[in-house]
Amino acid sequence: VELDQFKSILATYTEPLVEVGIHFDLANKEQKVEELEREMEAPDFWDNAEASQMKMKQLKSLKDDIETYHNLETQMEDMETMIEMEYEENDPEIVPEIQEMLDEFQASFDSIRVKTLLSGEYDGETHHQAERRSR
C-alpha cells in the first residue's frame, strides 16, 4: 500500500516539475552559461575586475539553478527505481529510505518553485493564464 502511495505522490509532481523547468527558463539559462563561459575565455575578460566578478557571480547562480533542477529530475528517477525495486524485492527496509528521499525531494521542489514564483518567471505566466480564463 505504501508503495502505491509513493507512486501516486510522485505522479503528482511529474507535470509540475516540467512546468517549473519551462518557467525556470532552463534552456535560456544553459545558453547564457555557454555565452558567459565563452566570454571568460577572451584575453581581456579580467581587464575590468568589477564587470568580470559580476559575470562570475551570474555564472555561478545560473549553474546552481540548472544543477538544482537536474538534481530534482534525478531524485525523481531514483525514487521511481527504488519503488520498482521494492515491488520486486519486498524489502521493508527500503520503504523508510524512499520516504526520506520523497521528503527531501518535496523540500527541494518547494524551494525551487518558491524561487521561481518570487522571481516572477512562474508568476507572470500563471497571471496571464488567469487573465485568459476570466474572459
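Begin by selecting D25, which lies in the loop between α1 and α2; helices here are DSSP runs of H or I with at least four residues, and strands are runs of E with at least two, numbered from the N terminus. Before going further, note that this is a predicted model, in which local features need pLDDT of at least 70 and side-chain atom pairs count only at pLDDT 80 or more, while totals for chains, interfaces and linings use all residues. Residues are numbered from 1 along each chain as its sequence is written, and side-chain values use heavy atoms, with hydrogens and water left out.

With D25 still selected, look at the backbone: phi is positive, about 60°, although D25 is not a glycine. Most residues other than glycine have a negative phi. D25 counts as partly exposed, because its relative accessibility is 34%, and the classes used throughout are buried under 20% relative accessible area, exposed over 50% and partly exposed in between, with a 1.4 Å probe and protein chains only.

**The whole chain**

Zoom out and colour by secondary structure. The protein chain has five helices and zero strands, and from the N terminus on its elements run α-α-α-α-α. Of the 135 residues in the protein chain, buried residues make up 27%. Among contacts (heavy atoms within 4.5 Å) between residues at least 6 apart in sequence, 72% join residues at least 24 apart.

**Helices α2 and α3**

Next select residues 26-40, helix α2, together with residues 49-89, helix α3: the two pack at an angle of about 145°, with their axes 10 Å apart. The axes are lines fitted to C-alpha atoms, for helices over the stretch in contact, and the angles run from 0 to 180 degrees between N-to-C directions. The crossing of α2 past α3 is left-handed, a term that applies if the near helix is turned anticlockwise from the far one by less than a right angle, right-handed being the clockwise case.

To see the contact itself, show side chains on both helices. The α2 side includes L26, K29, V33, L36 and M40, and the α3 side includes M56, L59, L62, D65, I66 and Y69. The residues of this contact divide into nine nonpolar, two polar and eight charged, where Ala, Val, Leu, Ile, Met, Phe, Trp, Tyr, Cys and Pro count as nonpolar, Asp, Glu, Lys and Arg as charged, and the others, Gly among them, as polar.

**D65 and its surroundings**

Stay in helix α3 and select D65, which counts as buried because its relative accessible area is 7%. Which residues does D65 contact, leaving aside its neighbours within four places in sequence? They are F24, K29 and K115. F24 is 41 residues from D65 along the chain, and the C-alpha atoms of D65 and F24 are separated by 8.6 Å.

**The aromatic cluster**

Now select Y13, F105 and F109, which form one aromatic cluster. Rings of Phe, Tyr and Trp (its six-membered ring) pair if their centres lie within 6.5 Å, with planes under 30 degrees apart counted as stacked, over 60 as edge-to-face and the rest as tilted. The structure holds four aromatic pairs. In one of them, the rings of Y13 and F105 have centres 5.1 Å apart and planes at 85°, so the pair is edge-to-face. Y13 belongs to helix α1 (residues 2-23) and F105 to helix α4 (residues 94-119), 92 residues apart. Y13 and F109 are also paired edge-to-face, at 5.0 Å centre to centre with 80° between the planes. F109 lies in helix α4 as well, so this pair ties together parts that are 96 residues apart in sequence. Y13 is buried at a relative accessible area of 13%, and F109 is buried at 2% relative accessibility.

In helix α4, select M101, which, apart from neighbours within four places in sequence, is in contact with D78, M79 and M82. The C-alpha atoms of M101 and M82 are separated by 9.8 Å. Finish at N90, in the loop between α3 and α4, where phi is near 55°, a positive value in a residue other than glycine. N90 counts as exposed, at 61% relative accessibility.
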